[in-house]
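I opened my notebook today to look up a few places in a protein model. Follow along with the structure beside you.

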Amino acid sequence: MTTVRRLLRSLLLSLSCLLLIVSMGRTESTELRVAVEPVYPPFEFRAANGEIQGFDIDVIRAIGKEAGFTVQFQSIAFDGIIPALQAQTVDAAVGAMTITPARSNVVTFSRPYFKAGLAIAVREGTQNINRLEDLSGKSIAVQIGTTGADAAKKIPGVTIRTFNAAVLTLQELSNGNVDAVINDSPVMLYAIKTGNLRGIRVVNQLLTEEFYGIPTPRNSPNLPRINQGFGAILSNGTYAQLYQKWFNAQPPELPATAPASATGNTTAIPSSTQVILASLPPLLAGTLITLQLAAIAVILGLVGGSLIGIVRLSKVRLLRWAAAVYIDFFRGTPLLVQLFMIYFGIPAAFQALGLTFSFDRFLAAIVALSLNCAAYVAEIVRAGIQSIETGQSEAAESLGLDSVQTLRFVVFPQALRRMLPPLGNQFISLLKDTSLVAIIGFEELFRRGQLIVAENYRPFELYFAIALIYLALTLLSSQGFSYLERWMDPAQRGRSRFAK
């Protein structure tokens, strides 16, 4: 009887494991995790109700319906899509991604699902810009990691500004900060037609002929089913209906496979050490810019924050209120939002009033970082001053010192020693926050790394190297402030003299 029970238990356990495996396999085969960055209309964007929509979205959903997939979207930045596919955290992606040799070496594309081409956007009234050669010596805005960015690099004497989204490149052009934008023609036409971007036109002549594909991880088992699903929507007319819906035209003929010039050949993969060593010169150049940003911003922030902190303690109510409003605003809103507001928002507001105004990127970055830093420094200064006993101020007044002299010679020197640790923390935070200026296309350390990853698709090595550089900078800063604390501590200096 005992043997029969054991046999039944083993049988039930085996059946349970088998059912679990089957159910897991069914889940994997019926769910397709698709990466998308919904900031690229008309291909993918968010509607007013928050739903993701667009031509690419409709196409992948139609493919999923034919192939038996349940599509689950994951929002990922465009330059992070291929790294996500390499790590297999997603099964596929849609993003109007052009099939290129470099990309084909690290991911596998579906058959082409869209025919497009690069175009140039310029401001109304701009003459003699019709081809890439006409952009020599000009300034151009491009989206990072796109074929437009690759095309811009081949133009001699050009100044390139990179942004994370196509709409930001067009806003940069609208603000008058660049001479032209290179991007996919349908995207720019749609943005100009539906957006609040006035005074911009797209040059009629297409620069290239490109094909979009759906990227998947190498050797993905989902790729045959994706191709089969796309073939089905081509043959049953669904694709033509979707193309008509979004572009009000009949779709062009699409090849069954990508052109040979787009797929390329697999080349030798460099080692991690080779990738890091080859990337060190541009990364170190970006490090110098990061240090320059942090140094200037912290100096201005210290000066401005000290004044605001002192005003915060003023006996005049209006001054105290104004200082409190400033501190609450810059501490209560993200630095990223402040960067956008200063660099993109202020020029757009001036243009809405019929005035011409533009911000230099370096100046905009310094202004945003300094204003944000000053708000935090102001609270550190206020707390440091209030930590000094009131008896010392009374004693200084009894000796004939006025309020300014008391603050300068008695209160502030003592408060400074107490303020050093939080000021050190603020500087380290500011040093790391400089990476946020990459969002306005400023090429400091982090942005240099992003640009390299967009070319070689080796995110782990590059971002690991960047993390080590930031770590080295913060450790050196921490040691520097620790030395200052010891040097300004009378007890420490007294022990040092006694030891000698």
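I began with Ala35, which stands opposite Ala93 in strand 6. This is a predicted model, so I keep its rules in mind: local features need pLDDT of at least 70, side-chain atom pairs count only at pLDDT 80 or more, and totals for chains, interfaces and linings use all residues. Residues are numbered from 1 along each chain as its sequence is written, and side-chain values use heavy atoms, with hydrogens and water left out.

**Entry 1**

A reminder to myself: two strands pair if DSSP finds at least two bridges between them. Helices (H or I, at least four residues) and strands (E, at least two) are DSSP runs, numbered from the N terminus.

Which order do the three strands take in this open sheet? I read 5-1-6, with parallel pairing. Strand 5 (70-75) and strand 6 (92-93) are at the edges and have a single partner strand each, so one side of each is left without a neighbour in the sheet. Helix 2 (residues 55-67) packs on this sheet and touches strand 1 and strand 5. The direction of helix 2 makes about 150° with that of strand 5. For touching, contact means heavy atoms within 4.5 Å. For angles, axes are lines fitted to C-alpha atoms, for helices over the stretch in contact, and angles run from 0 to 180 degrees between N-to-C directions.

**Entry 1: Pro83 and helix 3**

Next I looked for Pro83 and found it in helix 3 (residues 78-86). Is Pro83 buried or exposed? Pro83 has a relative accessible area of 16%, so it counts as buried. The cut-offs are under 20% relative accessible area for buried, over 50% for exposed, and partly exposed in between (1.4 Å probe, protein chains only).

I then checked the rest of helix 3: seven of its nine residues are buried, so this helix is largely enclosed by the rest of the structure. Among the buried ones I listed Phe78, Ile81 and Leu85. Just after helix 3, Gln88 takes a positive phi of about 60°. I also looked up Tyr457, which is 374 residues from Pro83 along the chain; the C-alpha atoms of the two are separated by 6.6 Å.

I moved on to an open sheet of five strands, in the order 11-10-12-9-13, with mixed pairing. Its edge strands are strand 11 (159-163) and strand 13 (200-202), and each pairs on one side only. On average, neighbouring strands here are turned by 30° against each other, direction ignored.

I followed strand 10 (residues 139-143), which pairs with strand 12 in the parallel sense over two bridges. Ala141 has Val181 of strand 12 as its bridge partner. Strand 10 also pairs with strand 11, again in the parallel sense, over five bridges; there the partner of Gln143 is Phe163.

How many residues of strand 10 are buried? Five of the five are, so strand 10 is largely enclosed by the rest of the structure. Ser139, Ala141 and Gln143 point one way from the strand, Ile140 and Val142 the other way.

Strand 12 is paired with strand 9 too, in the antiparallel sense over four bridges, and Ala119 has Asn183 as its bridge partner. Helix 7 (residues 185-194) lies across strand 9 (118-123), strand 12 and strand 13, and runs at about 115° to strand 12.

**Entry 2: Asn177 in its loop**

I found Asn177 in the loop between helix 6 (166-174) and strand 12 (180-184). Asn177 has 10% relative accessibility, so it counts as buried. Leaving out residues up to four places away in sequence, I saw that Asn177 touches several residues, including Ser139, Arg161 and Tyr343.

**Entry 3: Leu318 on the outside**

I ended with Leu318, which lies in helix 12 (residues 317-332). Leu318 has 62% relative accessibility, so it counts as exposed.

**Entry 4: the whole chain**

I wrote down 19 helices and 15 strands for the chain. Of its 500 residues, 45% count as buried.
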